[in-house]
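This report describes how a protein surrounds its ligand. Please look at the structure below before reading on.

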Amino acid sequence: MLSGTGARQPETVMSEIVELAPAKINLALHVTGQRPDGYHLLESIVTFADTGDRLTFSRSDEDRFTLSGRFSETLTEEAGSNLVIRARDRLRDLFHKAGVATTPVSIHLEKNLPIASGIGGGSADAAATLRGLQRLWQASPDADDLAHLALTLGADVPMCLEGVPALARGVGEELHPLSRFPSLPMVIGNPLRGVSTPEVFSKLGTKHNPPLGSLDDSDWMDTLSRLRNDLEGPARGLVPEIGEISGLIAAEGALLTRMSGSGATCFGIFASGSAAAHAAARLRALKPCWYFEATQTIAGS
Ligand code: C5P
């Protein structure tokens, strides 16, 4: 059921383990239905940026959690109140039930991504915690148990655990990797107004929108341009800055601009990395209190 010894390692091999928690970008997100439990059924194309939060894990005499980074003050360090601590505790429970010993751990989260922003910051942190602690504790749960645990932490955690471009269905947990998906030069922008995901879903006019349909993987830009984010309309109604930020990114020459997840982060795809970097610098100068980052998304493999 579990691989690895779970045995405590000698102090001499103790080291710090680093895991990146890349921003998740929903390039398209179609809401196609709703389950009896209220969760919405989605079809989404997701990819991951080369920018994100950074977590470090090391053995410790007791469990610790510390924070730094631009957005650390918007998070709380209280036990159970953030997804990193929940992920740590649930993975430890899984190991303990299987008789695998786990040491106390010190976790440091460098919070570089805005929170409640539609790019999976908390989910990416939870997924990075599951990866990092498996490395630290040198043990791995059964793949199905791990996938189930990830989903209990949030609908986006399984896709963040995989961390590859994918077509996601169900509530986001049915993943089909897109092995030939291209790397995209991008600017992501956020007006630093948090958005409540349940509230955005509740404002949907209809929960039964057309699915993604057939995907032509020979020309992704053309394919993406015909797709939508069904949550963008409701989110714009709640946070009018989404329209503004989308317009600003488009005005910098983006080939395609759209909102990610339940917002408010919008992305623009650019023709080159230098065009994206140039646009991000101009946007930061224009709106110094907002968040703009140039990034290159990862390619499928
Ligand atoms: O799973 P997660 O905790 O990230 O979801 C937050 C909230 O977003 C849920 O409680 C639900 O209201 C809404 N949601 C949804 N359908 C999804 C994902 C999230 O309705 N597929």
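The model is predicted.

**Location.** The ligand sits in the largest pocket. Two elements give two or more residues to the shell around it: strand E2 (40–59) and helix H5 (197–202). The largest share, three residues, comes from H5. Both domain 1 (10–175) and domain 2 (179–296) contribute, with at least three residues of the shell from each.

**The shell.** Which residues surround the ligand? They are Gly38, Tyr39, His40, Leu42, Gly154, Ala155, Val171, Thr197, Pro198 and Phe201. Sorted by class, six of the shell residues are nonpolar and four are polar, while none is charged.

**Polar contacts.** A polar contact is a pair of N or O atoms within 3.5 Å.

| Residue | Atom in the protein | Distance to a ligand oxygen atom |
|---|---|---|
| Tyr39 | polar side-chain atom | 3.0 Å |
| His40 | polar side-chain atom | 2.7 Å |
| Ala155 | backbone N or O atom | 2.8 Å |

Tyr39 and His40 take part through their side chains, whereas Ala155 takes part through its backbone.

**Burial.** How much of the ligand's exposed area does the protein bury? Taken alone, the ligand exposes 450 Å², and the protein buries 71% of that.

Definitions and conventions. Residues are numbered from 1 along each chain as its sequence is written. This is a predicted model: local features need pLDDT of at least 70, side-chain atom pairs count only at pLDDT 80 or more; totals for chains, interfaces and linings use all residues. Side-chain values use heavy atoms; hydrogens and water are left out. A residue is near a molecule or strand if one of its heavy atoms lies within 4 Å of it. A polar contact is a pair of N or O atoms within 3.5 Å; within protein, one must be able to donate a hydrogen and the other to accept it, and residues adjacent in sequence count only if both atoms are side-chain atoms. Accessible areas come from the Shrake-Rupley method with a 1.4 Å probe; for residues, only the protein chains shown count as cover. On a 1 Å grid over the protein atoms alone, a cavity is a set of points where a 1.4 Å probe fits but cannot get out, and a pocket is an open set with protein on both sides within 12 Å along at least five of seven lines; lining residues have an atom within 4 Å of a point. A molecule sits in a cavity or pocket if more than half of its atoms lie within 2 Å of its grid points. Helices (H or I, at least four residues) and strands (E, at least two) are DSSP runs, numbered from the N terminus. Ala, Val, Leu, Ile, Met, Phe, Trp, Tyr, Cys and Pro count as nonpolar, Asp, Glu, Lys and Arg as charged, and the others, Gly among them, as polar. Domain bounds come from an automatic or database domain assignment.
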